[in-house]
Amino acid sequence: MKSAVVVFPGINRETDMMRALEATTGNKPLSVWHTDPELPKVDLVVVPGGFSYGDYLRCGAIAARSPIMADIRAKAAKGLKVLGVCNGFQIVAEAGLLPGALVRNAHLHFVCREVKLAVENNSTFFTNRMKKGAIVSCPVAHGEGNYICNEETLKALEGEGRVVFRYTQGTNPNGAMNDIAGIVNQAGNVIGMMPHPENMIEPLHGKTDCRPLFEGLLAA
Amino acid sequence: MTKAPAPKITPDIVKQHGLKPDEYARFLKLLGREPTMTELGICSAMWNEHCSYKSSKKWLKTLPTKGPRVIQGPGENAGVVDIGDGQAVVFKMESHNHPSFIEPYQGSATGVGGILRDVFTMGARPIAALNALRFGAPDHPKTRHLVSGVVAGIGGYGNSFGVPTIGGEVNFHPRYNGNILVNAMAVGLADADKIFYSKAKGVGLPVVYLGAKTGRDGIHGATMASAEFDDNAEEKRPTVQVGDPFTEKCLLEACLELMASGAVIAIQDMGAAGLTSSAVEMGAKGDLGIELNLDMVPCREDHMTAYEMMLSESQERMLMVLRPELEKQAEAIFHKWGLDFAIVGKTTDTLRFIIKHEGEVKADLPIKQMGDEAPEYDRPWTEPMKLAILKDVPAPNDLKAAILKIIGAPDMCSRRWVWEQYDHLIGSNSAQIPGGDAGVVRVGPNKAIALTTDVTPRYVEADPFEGGKQAVAETWRNLTCVGAEPIAITDNLNFGNPEKPEIMGQLVFAIKGIDAACRALGYPVVSGNVSLYNETNGQAILPTPAIGGVGLLTDLSKMTTLAFKADGEAILLLGGHGSHLGQSIYLREVLGREEGAPPPVDLAREKLHGDFVRNLINHGQVTGVHDISDGGLAATAIEMALASGLGAKLDAISHEALFGEDQARYVLACKPAEAVKIITQAHVKGIDVIRIGTVTGEATLNVQGQAPISLAELKSAHEGWFPAYMSGEL
């Protein structure tokens, strides 16, 4: 399973993500700079977390218009797997690959804490090793993780089972609609999530709940 | 050589620049003529307290700064300490007190930005940040606004830049009502043989400006930080710098790439007094002159004067001496990251600092006397009065109420409201996050560094010498508690007006205390910062020598935390029962008194006890460790219980022993079979260890002879104060 991690100016969790991918899949991911005209030949592209372009204008708005996004869009349309985490989710949403938007946390503060996620869809390329309804601990670290979308989109997401992760046990940290923490597109190849699974995969992290998520990448 | 016509510089203009009449006279003698306005500006910046350390240098020189691990002591952008395996840690703590009071978000944000630059300018990628914050009384009308702004600013900058903020402290006291303290610490990791210094080398080499453009923000920031506030403090808002963490992140990556390319001969960040201090310091250290052509400085505002460009404190800028044959590669790196790269001058052999702008010489100054030969003072001081040891402090009428009051007090309660606004996980290397004795960050497969900031200002106020010792000793204990070997400190000394002999006496004796502790513990000072004139309308802050301690865990698997681990564990007290209630949290929070001498610090005992505890940890003999400080044994035991959800059953104990803040003591949890062994081993070394209780599965604190207090109630008090206060409920 070959993967690439895309880096925009201001992205700062690429090292965490690359380390997690290598530790769990055994493959060292390639690093792609945002001005590269096209992606290398890979099975999975990950857009990691951070503050690309300082969150100027809107989170992910400028990165979504970077040169590399054209190729990501084109290849995603053909089935390339894309995982957007935190700022990566924001970028992927701004690029139109996922519906809805991420806005300011309801309580207006940046929040870094552990939450509980219910795995609602266990047939995606990231959740195929999980039992449906499994609850995993996972940290969040964001100021704009509040997922919103219009009524029509919400109906579609819920109706089609495209909410992949939902905050549970009262741990919604940002006021997101329907406690939505992560979603998948209709074709099933693009996932966006706000929490940081790459920070919960080894004993040092206190828990390893998110390791099986990464291990699922090998099966997909 | 054309010189600009000398403007009329009146005594008032000199005063506005923060120079005393005798300092100005000294300057005139040095020049042999009237200065230009630009020259006056440069001198006022370089000779102010913040940049020159003129009141403290004499005393700072007495501190121990060397050791087998020390690669670089004070005098550079940050201290550098060898941690083995070819690695070094680079760290410093710095203050941004005055700007944060005026504009809390940007003041604290740029404080973080500045200290990060001090670390990465030496070639180290920042891997951890901490901050020590002091605010006024909770019921002071400005406090909530300041807390909110400062925490948001620190988080806003650190989180975006991408460094985990993993420790720190917050205190509240009315003496900070008019002067808050924001001390920011940064720690970076570098290859020990790839450290970059600021000393300029080589004549006729290009001096290059790197980073963000220059604007009119922060002009005279350093001068503002070198003076007291009066009622018009808010008018100083244009002197507060404005930060952009995205630019700093790009600057970090560009600088590290630049350093790897071999293009850097010397490099320094532009901090206080911006282009002025960086250029003067680089030249003066290298015994070289610097000539700058301001026409080449990238500006983001029109028609900036030489004066403005030299004194601007626009952020996210660096100055370097470039290897000329690598200019093209160097420039390309900066363009990749969207930053400015401009050759703005050259090194010379004249020892003059020459500024040219629009065809005119705006300044021509002797570089050494502006920099490392700036004035140094031996200010008069009075020896602080010794207070009597407080005796016969009454027991509380209601023990449970007293305990709840203490654990829920503003200075004692959980700071979760603060540190959940900081990304403390980025980097994926956080082995311990805020809430414990020290933050711990992995630096190798089974290796980590431990970090903490400590000082007890009320102790320093009561006895600066003991308080100075205690600050260092407390960092030593906190690092020891997680299993780390304390290796070096950075110090951030925050005091009032040094022209007052009693304030100068506090500074002198606090430094003597720090000195004594550092020598006794083999724990040198490798960097630091001094912030003076923290006074408003003549009222000074509590003397606050904040200490940032760094320790090394060579076996991360041995790291210990403060939580109890299992029902049935033995609870041991190392160091004997306490009795010292003078200056204690109990005295202040329950009885409303701030009296008496602080608990004395016996450095030999601190070393003996700390080394013994570390030994126990290395041999896996203890399951939980926590040192005793604010709130005494009661607070220590409760914090261990709350961290675990397990309760504690303690033998009968007097209020003096419960709340006494006697130093050099620890509470240990261990498997029951281990307890007797530990007590015997301690006895052999002359250390007093006794069993005082047992960990229980019942969620209560159960002191024999007293009604049990539920952990739920303790947790509610502990976690409740800060969020309730900040949301305005209190």
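**Close-up views of helix packing and cavities**

**View 1. Crossing of helices α2 and α3 in chain B.** In this predicted model, the axes of helix α2 (residues 21-31) of chain B and helix α3 (residues 37-46) of chain B cross at roughly 125° and come within 12 Å. That angle makes α2(B) oblique to α3(B), because angles over 145 degrees would count as roughly antiparallel and those from 65 to 115 as roughly perpendicular. The crossing of α2(B) and α3(B) is right-handed. On the α2(B) side the contact involves B:Tyr24, B:Phe27 and B:Leu31, which meet B:Glu39, B:Leu40 and B:Cys43 in α3(B). By class, this contact of α2(B) with α3(B) comprises 5 nonpolar residues and 1 charged residue, with no polar ones.

**View 2. Crossing of helices α8 and α10 in chain B.** Helix α8 (residues 143-161) of chain B and helix α10 (residues 245-261) of chain B have axes that come within 8 Å and cross at roughly 35°, and the crossing of α8(B) and α10(B) is right-handed. The contact is made by B:Gly156, B:Tyr157, B:Ser160 and B:Phe161 of α8(B), together with B:Pro245, B:Phe246, B:Glu248, B:Lys249 and B:Leu252 of α10(B). The residues of the contact of α8(B) with α10(B) divide into 5 nonpolar, 2 polar and 2 charged.

**View 3. The largest cavity and its lining in chain A.** A search of the whole structure finds 3 cavities of 30 Å³ or more, and the largest cavity has a volume of about 120 Å³. Its lining consists of 17 residues, of which A:Gly50, A:Phe51, A:Cys86, A:Ala141 and A:His142 lie nearest the centre of the cavity. Among the elements of chain A, α3 (87-94) and β7 (135-142) each supply at least two residues of the lining of the largest cavity. When the lining residues of the largest cavity are divided by class, 5 are nonpolar, 8 are polar and 4 are charged.

**View 4. The second largest cavity and its lining in chain B.** The second largest cavity has a volume of about 50 Å³. The residues that line the second largest cavity are B:Asn171, B:Phe172, B:His173, B:Tyr176, B:Asp411, B:Pro457, B:Arg458, B:Leu542 and B:Arg588. In chain B, β5 (165-172) and α17 (457-462) each supply at least two residues of the lining of the second largest cavity. The residues of this lining divide into 4 nonpolar, 2 polar and 3 charged.

Methods: Residues are numbered from 1 along each chain as its sequence is written. Chains are lettered from A and ligands numbered from 1 in the order in which they are written. This is a predicted model: local features need pLDDT of at least 70, side-chain atom pairs count only at pLDDT 80 or more; totals for chains, interfaces and linings use all residues. Side-chain values use heavy atoms; hydrogens and water are left out. On a 1 Å grid over the protein atoms alone, a cavity is a set of points where a 1.4 Å probe fits but cannot get out, and a pocket is an open set with protein on both sides within 12 Å along at least five of seven lines; lining residues have an atom within 4 Å of a point. Grid points are joined across faces, edges and corners, and a volume is the space filled by probe spheres set on the points. Helices (H or I, at least four residues) and strands (E, at least two) are DSSP runs, numbered from the N terminus. Ala, Val, Leu, Ile, Met, Phe, Trp, Tyr, Cys and Pro count as nonpolar, Asp, Glu, Lys and Arg as charged, and the others, Gly among them, as polar. Axes are lines fitted to C-alpha atoms, for helices over the stretch in contact, and angles run from 0 to 180 degrees between N-to-C directions. Angles under 35 degrees count as roughly parallel, over 145 as roughly antiparallel, 65 to 115 as roughly perpendicular and the rest as oblique. A crossing is left-handed if the near helix is turned anticlockwise from the far one by less than a right angle, and right-handed if clockwise. Contact means heavy atoms within 4.5 Å.
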